[in-house]
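Q: Could you walk me through this one? I'd like to start with the sheet and then go wherever it leads.

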Amino acid sequence: MKAFLMHKDRDFDFERELPPNEQALAQDLALSTLFESMALGDRFMIEIAKKAVLSSLSNPDSIAYRQNILKDCLKNPSIIKEIYDLAEESIEKRQKQWWATRYPSSIMFSAREALKMFVGQLKRLRTVAVEHADKFDSEGFARFFSMLISELDDKYFDRIEEYLKEMKFPKGVLMSAQLGKGNKAENFVLHKARETKQSWADRVFRKKPPVYSFHLSARDEIGAKALSDLLDRGLNLVANALAQSTDHILSFFQMLRTELAFYVGCINLNEQLIEKKKAWCFPVPAAAGQRKSSFHGLYDVSLALTATQKVVGNDVNADQKNLVIITGANQGGKSTFLRSVGQAQLMMQAGMFVPAKSFSSEVCNGVFTHYRREEDANMKSGKLDEELARMSGIVANLTQNSMLLFNESFSATYEKEGSEIARQITMALVDMGIRVFFVTHLYDFAHDLYEKKMGNAIFLRAERKVDGTRTFRLMEGEPLQTSYGEDLYYNILTSLNRTPT
Amino acid sequence: MSFPSILFVRPEKYVNDQELDPPDFFTDLNLDQVIAAVTADRDEYNLKPFFYRPLNNADEIEYRHEVMRDLEGEILLERVKLFSEKMRAMREYLAQADALHHKYQGEAWFLDAIEVYCDAINCLADDLSREAPKSRGFKALQKYLDDYIRSAGFTSRLEETKKIKADLAAARYCVLIKGHTFKVRKYESEDDYSVEVEQTFEKFKQGDVKDYKLKFPWWPEMNHIEVNILESVAKLYPDIFSNLDKFCAENRNFVDEAIAVYDREIQFYFAFLDHMAMLTQAGLKFCYPCVTNDSKEVYDYDGYDLALAHRLIREGSSIVCNDFHLKDEERIIVVTGPNQGGKTTFARTFAQLHYLAALGCPVPGRESQLFLFDRLFTHFEREEDASMMRGKLQDDLIRVHDILNMATSNSIIIMNEIFTSTTLQDAIVLSRKVMEKITEFDSLCVWVTFIHELAFFSPQTVSMMSVVVPENPAVRTFKILRKPADGLSFAMSIAEKYQLTYKSIKERIQL
């Protein structure tokens, strides 16, 4: 029995290692705000949100599988939360239970108790399935509910309850063994103390096989200890099988909780966006290599969740492009834009809705970010040195169709040198089929690429009105030699407006 | 049908060697440390006497070299070692059989002992015929084993053992426990309950879970409940157990004498080869010396003191190797030079090499020719012995006198800083007299001394010196070189320090 709500054919891999650039991604794309909004303070849910968003799906079908399940969840939030709570409760009850591990006989006792509890919870889960299955349309939920209904029928529950009775061994414990090393007993196997199948005539006329009986005297304490040791040897395998079975049921509930945690997180996020009257939509994923990237009203979800003022969305059509160079005014919304691109890509590849009016993009093999960092605190390396070392680490993990977001990279040196480095790296990446978004003030670099008139490149520029005010909107446009830093200087003198950076 | 010995061409010469004491020079040469290290972990075989008996015949030495060379084949070594492990297991089983009170228990262990013994022999015979060793020793063993395993007693014993063991293993039985009562009867093909439980819960299977199976401690003895059960099983299967009794009584002494002797003697080789392996792993070299008493030309390149090397490897320090070469009329190496420069080590090395060669073992070094001596004498400085009621000089003289009395032209003499407790003039006079004698004997000798004059005593003497770094004489190189120096040796020692010699550079550049 598998929940299979995250993948069509496998469990959600909670243990899977996050991509090595996980920290950089979270930091550069302001993902922690997103995770926190999904989890509403629940630590477990934060972990799941993080894993789900950062370990991307790589093909449009598996994205669609999740999208459909998520649509069901957004339609039936209270039922989802009920199942989630039931799973959580089952796990808690099991954790609170006293669990003996010392002797097989006591392990058996503990396992019996756990099983009794789980049977109750499984019956409740089945009831939910029977009552609500018809409200769900997705393939994933259809499979999940019909599995519960067919696998957990009354006959099955009856059989388990019969075991629970038998395992108290009212007829005594029957085991077999054979002679092992030094003629000591080994290979103990437990058997059901069955009814004799002999006919009446057999019982009367057949010679009875010999049986040797022993009875311990009440004072024989050593004998009693030895006998209970023997009993434990006999019970060992069955106690193990029973205890492992309860563990399997526990892991079923754990997996159910894990997978639903993601959807509950999505429900939470969705509710907040609706409350803030923000647009959202289910994105249209395209297969890798289709060079699809266009959107309307794409905004930075983390900023929208925390900012009090208006958040501006951007429209871009970069279909058939794999190089996007963003230049323009300081404080003009370039970083915010870059963040929103990365966020939406990750959310899409997690099967989520995205913060946009419409969004279509090809799936990529990993999102990477290369941002300017603070000065290296431990003085180990110079800044450009640090940047290049980091770049080399990224390159080691890139594959075709990866996506790479640069933010003011390689500017920790003279413009000419920085430009040359940026140019060589960028051209190599683009030629290798990697999608590159590059926010830069390196005019030499941006201008040079512009002059090349490449068919697969698009140039965006942060808008600045003639009076110097920013719209935080990006327009297509040729790189300019100034980024209007002067404006900023005056701006800071005249007002202390908080603006996104 | 007889098997001579894997160690000796004529073992009858050495039958009384079991109680042999170490030779007098053992501690002087630190050979006690070497042999202790070599034989460590093999106490049960009492190997030391083998190492206390140098051979005095080139053919006997060659006999061992042949075996050693066979054992250089890793497969053969591994298989031959496996045989000895099985023999050891057999001895443990027999000891266990004796230690257990209950008859049926002891008999079970006894069966195991026979089984592992037969298996050991069958495997060894197979391995020898497959690996085709070339030495006279292993060939004789191979012949002996082939005859032995074809003997009627051996084959029928093995078959019977296997049959009884199989019967015992098949004697499955049931125990029903209820309260303080338990019943024992034959097993009647009941189903495994744990399989049924697993099947019922199969649908929940989610990958790996914890193993709750208890690992019960195991010991050979039984408690009285187990004894009750075993005796009941014996009554349930009376034929099997009466066969067992009969078989054990009939096969009390199943171990072949010659094979037991072989198992002990082969340990001599294992012990030395294992010790060698530890040193060669650290980059040190061993070689088969040419051992002869036809010529007194002796040499060894890249030799070292085994005891010191063992210690330095454990400490993780590097080891300095040295060469010597005596040819034509050269007989006596006079070693001089600063203290703590490796002079005594050099003298010990010279003697150790000869001793090991006489044991038929490979020796430290990359190429070596050594002399097959009749006796080896050492004179190392001793603590003053108060009970002897005589002075140190007198003691020195008495010991030297004893040596000169016994030494022959085929002896090797090691003199280490003698006559130190007198004036230099006296020491020179006494030393010259002794050296005259040794020269007269034509014995091989290494003489460590602070008396430079001795180095130019006669055409038979060769002067060697411990070398220091010229810029800083406090730094020892532990190199002992022939002096008078040709001027290059100092330069070489500096180059060596920086690992810039021809050899070092080659080694560093090799991948």
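Q: In what order do the strands of the open sheet run, and is the pairing parallel or antiparallel?
A: In this predicted model, five strands form an open sheet in the order 2(A)-1(A)-1(B)-2(B)-3(A), with antiparallel pairing; strands are DSSP runs of E, at least two residues, numbered from the N terminus, and two of them pair if DSSP finds at least two bridges between them. Local features need pLDDT of at least 70, side-chain atom pairs count only at pLDDT 80 or more, and totals for chains, interfaces and linings use all residues. Residues are numbered from 1 along each chain as its sequence is written, and chains are lettered from A in the order in which they are written.

Q: Which strands sit at the edges?
A: Strand 2 (185-191) and strand 3 (212-215), both of chain A, are the edge strands, each pairing on one side only.

Q: And where the chains meet, how many bridges join strand 1 of chain A and strand 1 of chain B?
A: Five bridges link those two strands, in the antiparallel sense, and A:Met175 stands opposite B:Val175 there.

Q: What about strand 1 and strand 2 within chain A?
A: Strand 1 of chain A (residues 173-179) is joined to strand 2 of chain A by five bridges, again antiparallel, with A:Leu174 standing opposite A:His191.

Q: Switching to the whole contact, how many residues does each chain give?
A: Chain A gives 59 residues and chain B gives 55, where contact means C-beta atoms, placed from the backbone, within 7 Å. On the chain B side, helix 9 of chain B supplies the largest share, 10 residues.

Note on methods:
Helix = DSSP H or I, 4+ residues; strand = E, 2+ residues; numbered from the N terminus. Contact = placed C-beta atoms within 7 Å.
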